[in-house]
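Student: I am new to this structure. Please take one part of it and look at that part closely. Then show me how the rest is arranged.

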Amino acid sequence: MLSDITDIVSEGLCCGCGTCVAVCPTDAISMTETPFGALVARVSETDCSSCGLCLQVCPGAGLPDGLLDPRVDPFKGEMLAAFTGHAHAKALRKEAQSGGVVSALLRYLLDTGRIEQALVTQMPEDGSLRPHPVLARDEDAIGRACGSKYCPVPLNVDLQQVNHMTAFVGLPCH
């Protein structure tokens with residue numbers, strides 16, 4: 001029987017979402033970048049209490065061992081539908097990604113009080129290429145997070161700060 005997510009990582013079933021980091025009561029789990037640029041969970045054996053919470057929330061825990069072939073990209077799948085659109089505001093269309101639809105929707109949801117915050121990703125101000133999760137609570141914060149980040153982001157590490165009035169924005173690989 002598994003006591004933590006170490007076996008999930010060794011079987012190649014960790015998707016790098018960071019949910020385990022968010023729920024770990026002893027802060028024993030961190031996300032580590034592999035030589036190939038993927039993010040995987042790492043457990044500190046000295047800090048782990050073997051409570052099993054990480055396994056309860058891990059999307060890879062319910063998958064059969066050996067399901068994913070490490071030579072095959074696990075993020076590609078069948079396309080079910082495709083849609084197009086763009087933000088009405090020309091400035092937003094110019095600064096955002098792919099017409100600014102998501103940024104426009106988030107701004108609208110904030111303005112109308114339908115959400116209090118949005119869990120988004122933002123590039124670091126130092127110019128490095130490792131985006132990080134941010135809870136955007138105003139239009140400026142949403143503007144700073146504009147654009148898709150096509151690289152691993154442990155978006156769920158901030159789930160402890162999420163409430164029922166939070167929008168979640170990520171790519172399928174997040």
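Tutor: What follows is a close look at one strand, then at its sheet, and then at some other parts of the chain.

Keep in mind that this is a predicted model.

Start with the whole chain. The protein chain has 174 residues, and 37% of them count as buried. Its secondary structure comes to 6 helices and 5 strands. Read from the N terminus, the elements run α-α-β-β-α-α-α-β-β-α-β. Take the contacts between residues at least 6 apart in sequence: 55% of them join residues at least 24 apart. The chain exposes about 10,900 Å². Carbon and sulfur atoms supply 55% of that area.

Now the close look. The part is strand S3, residues 117-122. How many of its residues are buried? The count is 6 of 6, so S3 is mostly covered, buried being under 20% relative accessible area. Next, see which way the residues point. Gln117, Leu119 and Thr121 point one way from S3. Ala118, Val120 and Gln122 point the other way. Residues of both sets are buried.

Which strands does S3 pair with? One is strand S4, residues 132-136. There, 5 bridges join the two strands, and they run antiparallel. Two positions let you trace this pairing. Gln122 has His132 as its bridge partner in S4. Leu119 has Leu135 as its bridge partner in S4. The other strand is S5, residues 166-168. S3 and S5 are joined by 3 bridges and run parallel. Look at Leu119 again: in S5, Phe168 stands opposite this residue. Leu119 therefore has a partner in each strand, Leu135 in S4 and Phe168 in S5. In general, strands of a sheet pair through backbone hydrogen bonds, either parallel or antiparallel.

Now go to the loop between S3 and S4. Arg130 lies in that loop. Arg130 is partly exposed, with a relative accessible area of 24%. Its side chain meets that of Glu33 in a salt bridge, at 2.8 Å from N to O. Glu33 lies in strand S1, so the pair ties together parts that are 97 residues apart in sequence. Glu33 is partly exposed too, at 47% relative accessibility.

How many salt bridges does the whole structure hold? The search finds 2. The other joins the side chains of Glu95 and Arg107, at 3.5 Å from N to O. Glu95 lies in helix H4, residues 90-95, and Arg107 in helix H5, so this pair ties together parts that are 12 residues apart in sequence. Is each end buried or exposed? Glu95 is partly exposed, at 44% relative accessibility. Arg107 is buried, with a relative accessible area of 18%.

Stay with H5, which covers residues 101-111. Leu105 is found in this helix. Together with Val101 and Val102, Leu105 forms a nonpolar patch on the surface. The three have about 240 Å² of accessible area together.

Thr19 has its place in helix H2. Thr19 counts as buried, because its relative accessibility is 10% and the cut-off is under 20%. What does Thr19 touch, leaving aside its neighbours within four places in sequence? The contacts are Val57, Asn156 and Leu159. Asp27 sits in the loop between helix H2 (19-23) and strand S1 (29-33). Asp27 is exposed, with a relative accessible area of 62%. Ser44 is 17 residues from Asp27 along the chain, and their C-alpha atoms are separated by 8.7 Å.

The S4 pairing is antiparallel, and the S5 pairing is parallel.

Technical notes
Residues are numbered from 1 along each chain as its sequence is written. This is a predicted model: local features need pLDDT of at least 70, side-chain atom pairs count only at pLDDT 80 or more; totals for chains, interfaces and linings use all residues. Side-chain values use heavy atoms; hydrogens and water are left out. Buried means under 20% relative accessible area, exposed over 50%, partly exposed in between (1.4 Å probe, protein chains only). Helices (H or I, at least four residues) and strands (E, at least two) are DSSP runs, numbered from the N terminus. Contact means heavy atoms within 4.5 Å. Accessible areas come from the Shrake-Rupley method with a 1.4 Å probe; for residues, only the protein chains shown count as cover. Patches are made of residues with over 30% relative accessible area and no salt bridge: like charges are joined within 9 Å, nonpolar side chains (Val, Leu, Ile, Met, Phe, Trp, Tyr) within 5 Å. A salt bridge is a side-chain nitrogen of Lys or Arg within 4 Å of a carboxyl oxygen of Asp or Glu.
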